[in-house]
Amino acid sequence: MLTPRLPEDSLLPFCGLGGPCPEVIPIIIPQSVKDWSAESSLRSRGARNNVRRTFPPSNLIARNATLRHAACSASIALALAVVAFAGAPITRANENRGTGPAANPLAAAKKVIIDTDPGTDDALAILLALNSPELDVRALTVVPGNVTAQQGLENALKLASLTNRCDIPVAGGAQHPLFQKLITAELWHGANGLANVELPASKCKADPRFGPDLIIQMIHDSPHEITLVPVGPLTNIALALLKDPSIVPLVKEVVIMGGSISGGNVNAAAEANIYNDPEAAEIVFHAGWRLTMVGLDVGDKTLYDQAHLDQLSKTHGPENDFAVKVLTFLIGQEAKYGAGGGSPMYDPLAVGTAIDPTIVSKQAMHVDVESRGEFTRGETVANRRNAVERNVLHGDRYVIEGLDHVEPNVQVCTGVNADKFLQLLNSRLAGK
Ligand SMILES: [Ca+2]
């Protein structure tokens with residue numbers, strides 16, 4: 001039965017775990033969580049924006065900070081209140097890993113948890129990860145995005161089964177984005193999310209734990225060793241952060257597929273994973289951990305084309321043949337709806353970056369997530385100069401009196417060796 005744990009009740013218009021989703025961001029803060037909200041937001045998000053106030057802040061900055069702080073507090077308070085209602089108790093139960101790579105010599109392999117909304121390119125990313133000795137995949141947690149939460153969990157289980165990796169926990173998580181309706185992407189991924197390819201029924205069973213709880217537990221069980229690789233909307237990761245902010249310094253790194261500093265793919269401004277849950281992204285981007293953003297800036301350069309497909313079609317195996325079908329579908333959809341020239345390997349590139357960081361080049365930037373703009377909701381707004389002008393009110397006008405430094409919070413991938421990555425992808429899929 002593919003039924004992730006759901007809340008029994010929700011008194012708030014928060015819908016990340018089920019229930020009807022509002023059209024707009026709610027701003028009502030229940031009195032019972034107001035005090036906590038103020039304290040927690042100051043504690044856990046005090047570094048947010050990190051404007052060095054070596055000078056008295058201007059009236060403008062102070063006013064904006066107050067408004068944004070109130071908005072963020074509202075979001076976090078609502079989310080945490082419902083998590084408190086709904087979240088499963090965090091236990092330190094033994095991991096349900098059975099046998100598998102834990103028993104093989106992967107001591108040096110990077111421990112990763114892939115949070116995924118599978119999804120065609122998610123499927124390829126998972127196959128890449130599971131066929132790469134550099135990685136030790138500890139869990140797949142499923143988030144709604146490309147497909148519904150239930151379809152995503154079913155797909156993830158089928159992929160675990162296809163690769164004979166029922167030892168890997170596969171857990172469901174959130175049911176919706178934190179504060180908006182889910183937007184699914186069957187147009188790009190097929191009716192079942194897997195290019196309409198029907199995989200056999202899964203031999204694997206869903207892990208009963210709630211995905212964010214599983215993430216929290218595994219981070220505590222392997223402090224400073226887990227790399228999170230979210231390749232869907234950031235709902236589950238945000239829920240984990242809200243429930244247990246102490247995981248932040250215990251995570252080795254977060255490598256996300258999402259965002260863009262050069263225009264969007266769902267509209268002019270926003271990339272799909274961020275657009276599907278901007279509030280969650282804002283929480284994740286400002287958590288204070290080491291975060292690498294593998295966005296459209298590099299993903300759009302990794303075009304899997306007919307020549308790559310011809311190469312992969314020469315070899316065979318269950319995974320190889322499934323990948324060929326998926327990639328055939330993706331190349332076709334891209335020719336039909338996209339710019340042509342091949343299909344961008346967004347999610348696989350995030351996994352590729354975890355495998356071999358030299359595939360990409362990065363630049364440290366301060367990145368905020370726009371959550372209110374009429375045309376820009378979901379945009380990742382990068383400050384390339386890591387500074388903002390300080391405007392001070394003088395009579396009826398503001399005067400720029402200097403610059404305030406803003407700390408980089410994201411390593412933004414700005415360059416990629418696409419050929420190297422695409423050959424890595426093909427080589428890992430071949431013959432499997
Ligand atoms: Ca995805």
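**A helix pair up close**

Author: Let's start with the crossing: α7 passes α9 in a left-handed way, meaning that the near helix is turned anticlockwise from the far one by less than a right angle. Helices here are DSSP runs (H or I, at least four residues), numbered from the N terminus. Bear in mind that this is a predicted model, where local features need pLDDT of at least 70, side-chain atom pairs count only at pLDDT 80 or more, and totals for chains, interfaces and linings use all residues. Residues are numbered from 1 along each chain as its sequence is written.

On the α7 side, Thr235, Ile237, Ala238, Leu241 and Leu242 make the contact, and α9 brings Ala280, Ile283 and Val284 (contact means C-beta atoms, placed from the backbone, within 7 Å). Helix α7 covers residues 235–243 and α9 residues 278–285; they pack at about 55°, with axes 8 Å apart. Axes are lines fitted to C-alpha atoms over the stretch in contact, and angles run from 0 to 180 degrees between N-to-C directions.

Now zoom in on Ala238. Leaving out residues up to four places away in sequence, Ala238 touches Leu178, Ala280, Ile283 and Val284. Both Ala238 and Val284 are also among the residues that touch the most other members of the largest nonpolar core, which has 103 residues. Such a core is a set of buried Ala, Val, Leu, Ile, Met, Phe, Trp, Tyr and Cys residues joined through C-beta atoms within 7 Å; buried means 20 or more other C-beta atoms within 10 Å of a residue's own. Helix α3 (residues 120–130) gives this core its largest share, eight residues.

Terms used
Helix = DSSP H or I, 4+ residues; strand = E, 2+ residues; numbered from the N terminus. Contact = placed C-beta atoms within 7 Å. Buried ≥ 20, exposed ≤ 12 C-beta atoms within 10 Å, placed from the backbone.
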